[in-house]
Amino acid sequence: MTTPWSPDKKHSDRERWICIYPAYLNSKKTRAEGRIIAKEKAVENPTYQEIRDVLSAAGLKVGVENKLYSREKSKELLYRGRIRVQLKNDNGIPLNPDFPTRESVILHACGMIPKLKTRQGGKHTTEQSQGGTSKKKGKGRR
């Protein structure tokens, strides 16, 4: 059995691409829950679709996998999804000099997600797109 980092694997093999879970960028998560960047730079409840859109717009090779982050407590579909990004070509040189590391890719995503059209409507739009539960629907409108 070969490991993802065995010498016979190339950087273009999907197993060698970096993984990004939405929890890595989520300002609502603690470090223990999986956030890996500073809270000030993080985004409120990002989805894998938003991350995918932002990174593919930046010209990166992106893949989506239906995986659940191991530290995620909720099993809801809203929290599923993992993004794979190819950073290097087969000879080990970064494909895009603007994104040499995983951190640079994540920081770019955090900077661009708030600029998406779906996020421009303010907090009200964000709450709706993040799957307001049935408990919230109609609250205070009776």
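A residue is buried when its relative accessible area is under 20%, exposed when over 50%, and partly exposed in between (1.4 Å probe, protein chains only). The model is predicted, so local features need pLDDT of at least 70 and side-chain atom pairs count only at pLDDT 80 or more, while totals for chains, interfaces and linings use all residues. Residues are numbered from 1 along each chain as its sequence is written, and side-chain values use heavy atoms, with hydrogens and water left out.

**Exercise 1.** Determine which strands Glu65 and Arg84 join, and whether these residues are buried or exposed.

*Solution.* Step 1: a salt bridge requires a side-chain nitrogen of Lys or Arg within 4 Å of a carboxyl oxygen of Asp or Glu. In Glu65 and Arg84, the closest N and O atoms are 3.3 Å apart, and the two form a salt bridge.
Step 2: Glu65 belongs to strand S2 and Arg84 to strand S3, so the pair ties together parts 19 residues apart in sequence. Strands (E, at least two residues) and helices (H or I, at least four) are DSSP runs, numbered from the N terminus.
Step 3: both Glu65 and Arg84 are buried. A network of salt bridges links Glu65, Arg82 and Arg84.

**Exercise 2.** Describe the salt bridge of Glu50 and Arg119, and state where each residue lies.

*Solution.* Step 1: the side chains of Glu50 and Arg119 meet at 2.8 Å, N to O.
Step 2: Glu50 is in helix H1, whereas Arg119 is in the loop between H2 and helix H3 (123-129); they are 69 residues apart.
Step 3: Glu50 has a relative accessible area of 7% and is therefore buried; Arg119, at 11%, also counts as buried.
Step 4: a search of the whole structure gives six salt bridges.

**Exercise 3.** Classify the ring pairs that Tyr69 forms with Tyr21 and Tyr24.

*Solution.* Step 1: rings of Phe, Tyr and Trp (its six-membered ring) pair if their centres lie within 6.5 Å; planes under 30 degrees apart count as stacked, over 60 as edge-to-face and the rest as tilted. The count by this rule is three aromatic pairs.
Step 2: Tyr21 and Tyr69 are 4.8 Å apart, centre to centre, with 40 degrees between the planes, and the pair is tilted.
Step 3: Tyr21 is buried at 11% relative accessibility, and Tyr69 is buried at 11%.
Step 4: the ring centres of Tyr24 and Tyr69 are 5.5 Å apart and the planes stand at 90 degrees, so this pair is edge-to-face.
Step 5: Tyr24 is buried at 10% relative accessibility. Ring pairs join Tyr21, Tyr24 and Tyr69 into a cluster.
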